[in-house]
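Take a walk through this two-part tour.

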Amino acid sequence: MATHVPPPATTSPVAAEAIKPEKVDYMNLPCPIPYEEIHREAMMSLKPEHFEGMRVDFTKVLNQRFSLSHSIVMGPTEVPSQSAETIKIPTSNYEFGANFIDPKVCYLIIDTILIKFLAIILIVIVIFCLSKVMLFGRILTDGRLSARLKCDLSENFTMKANAQLTNEPHMSHGMFNFDYKGTDYRTQLQLGNGGLLGANYIQSVTPHLSLGGEVFWAGQHRKSSLGYAARYNTDNMVASGQIASTGMVALSYVQKVSEKVSLATDMMYNYMSRDVTASFGYDYILRQCRLRGKIDSNGCTSAFLEERLNMGLNFILSAEIDHKKKDYKFGFGLTVGE
Amino acid sequence: MAAKKSSSEGVLSRASSTISESPIVYKGKQVASDAGFVAKKLLKSTGKAAWIAGTTFLILVVPLIIEMDREAQFTELELQQASLLGTPAVAAPQK
């Protein structure tokens with residue numbers, strides 16, 4: 001697939017220049033996609049956020065930099081149970097969130113209650129933050145608080161922090177990521193609580209192919225893993241594969257059939273537990289709506305529709321039918337605001 | 001009990017019991033019950049397959065048809081409006 005056919009001699013010089021792909025400049029390769037987004041296209045097409053019940057999201061932009069969001073979710077949620085039966089309990093909650101995005105200035109961050117541990121380090125780092133800062137905080141009525149921080153310390157170096165706090169003991173966790181972006185490579189270091197340590201690296205090998213690897217150590221569970229990933233993309237298709245020593249092999253392929261339609265397929269195989277799941281889906285992006293449908297080898301078929309009723313008003317329908325487990329989930333919702 | 005007494009019964013009952021106990025009739029009954037069993041199973045599994053196919057079609061294909069229809073309507077409306085408002089420079093989008 002990497003061989004290129006030279007254009008015919010009768011095309012105009014401008015067109016020939018635009019499609020002249022003969023000599024690959026290995027010194028000027030494009031920057032690759034971040035390692036955790038290797039399967040991004042497939043995930044976006046095949047795994048929309050299905051839900052059951054009703055969901056209403058309201059986003060209000062107060063300022064160029066600040067916005068608030070309110071969200072109400074009502075519906076049955078699954079409770080993990082020992083038996084094969086899924087137990088659903090109707091729950092409802094309200095979530096309040098605030099987003100702060102600042103493109104250029106140095107800020108002293110005052111509300112450090114967002115992150116319980118490592119708060120001092122956070123203040124110090126953010127004080128020295130000379131560029132873009134993004135903060136997202138969300139709190140739910142059942143007492144769960146989640147916060148995310150993204151800070152561009154310099155043009156190539158980014159720090160991200162992520163924390164989720166709950167009322168239950170030992171269920172809170174937080175993670176720091178440090179990313180460095182080079183001309184044709186990216187590296188990332190992850191530190192989390194519970195002794196989580198991870199590092200990954202991805203490099204563009206040709207203008208279409210990028211390869212990467214990752215290493216992960218979970219101190220609390222005494223587990224470590226090593227993984228490799230590869231991604232090949234052209235204008236019309238993206239093929240990616242990932243293999244990890246925990247036994248997971250994930251392959252995916254997305255083909256853009258036209259500018260409105262793309263088809264995606266994905267296969268996950270666990271060679272430790274001999275468990276295979278393959279799925280096939282479509283993604284139609286039309287002017288008024290976005291429709292994603294998928295069918296699975298576990299006998300599960302699902303669809304997700306986002307319909308634009310008006311400017312800033314989106315109507316969402318989600319359906320998931322599991323023929324094997326006879327579990328049917330349908331949801332509807334509304335998203336107001338941009 | 002009537003079978004055991006067949007030797008001491010009249011001609012008519014003996015003839016009818018010969019027919020009803022003959023191996024051909026017995027075989028015929030067996031085949032009929034087997035066929036009934038298979039047909040019932042087939043009907044059930046066809047019903048199950050039809051149910052699965054029907055609900056899957058409903059979830060995957062029906063919204064697609066509806067949305068594509070709406071898109072076609074929308075495009076037609078735009079085309080009409082463009083031609084009505086007199087924008088001759090706009091070329092019709094080739095699908």
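This is a predicted model: local features need pLDDT of at least 70, side-chain atom pairs count only at pLDDT 80 or more; totals for chains, interfaces and linings use all residues.

Residues are numbered from 1 along each chain as its sequence is written, chains are lettered from A in the order in which they are written, and side-chain values use heavy atoms, without hydrogens and water.

The largest pocket holds about 850 Å³ of space. Its lining has 31 residues, and E49(A), R55(A), D57(A), S71(A) and E95(A) are the closest to its centre. β2(A) gives the most to this lining, with six residues. By class, the lining has nine nonpolar, 11 polar and 11 charged residues.

Now turn to the interface. Chain A brings 20 residues to the contact and chain B brings 15 (contact means heavy atoms within 4.5 Å). The area buried between chain A and chain B is about 1500 Å², and carbon and sulfur atoms give 62% of that. Buried area is the accessible area (1.4 Å probe) that two parts lose on being put together, summed over both. R287(A), Q288(A) and H323(A) supply 31% of what chain A buries against chain B, more than any other three residues.

Four salt bridges are counted between the chains. Each needs a side-chain nitrogen of Lys or Arg within 4 Å of a carboxyl oxygen of Asp or Glu. In one of them, R287(A) meets E71(B) at 3.3 Å, N to O.

Terms used
On a 1 Å grid over the protein atoms alone, a cavity is a set of points where a 1.4 Å probe fits but cannot get out, and a pocket is an open set with protein on both sides within 12 Å along at least five of seven lines; lining residues have an atom within 4 Å of a point. Grid points are joined across faces, edges and corners, and a volume is the space filled by probe spheres set on the points. Helices (H or I, at least four residues) and strands (E, at least two) are DSSP runs, numbered from the N terminus. Ala, Val, Leu, Ile, Met, Phe, Trp, Tyr, Cys and Pro count as nonpolar, Asp, Glu, Lys and Arg as charged, and the others, Gly among them, as polar.
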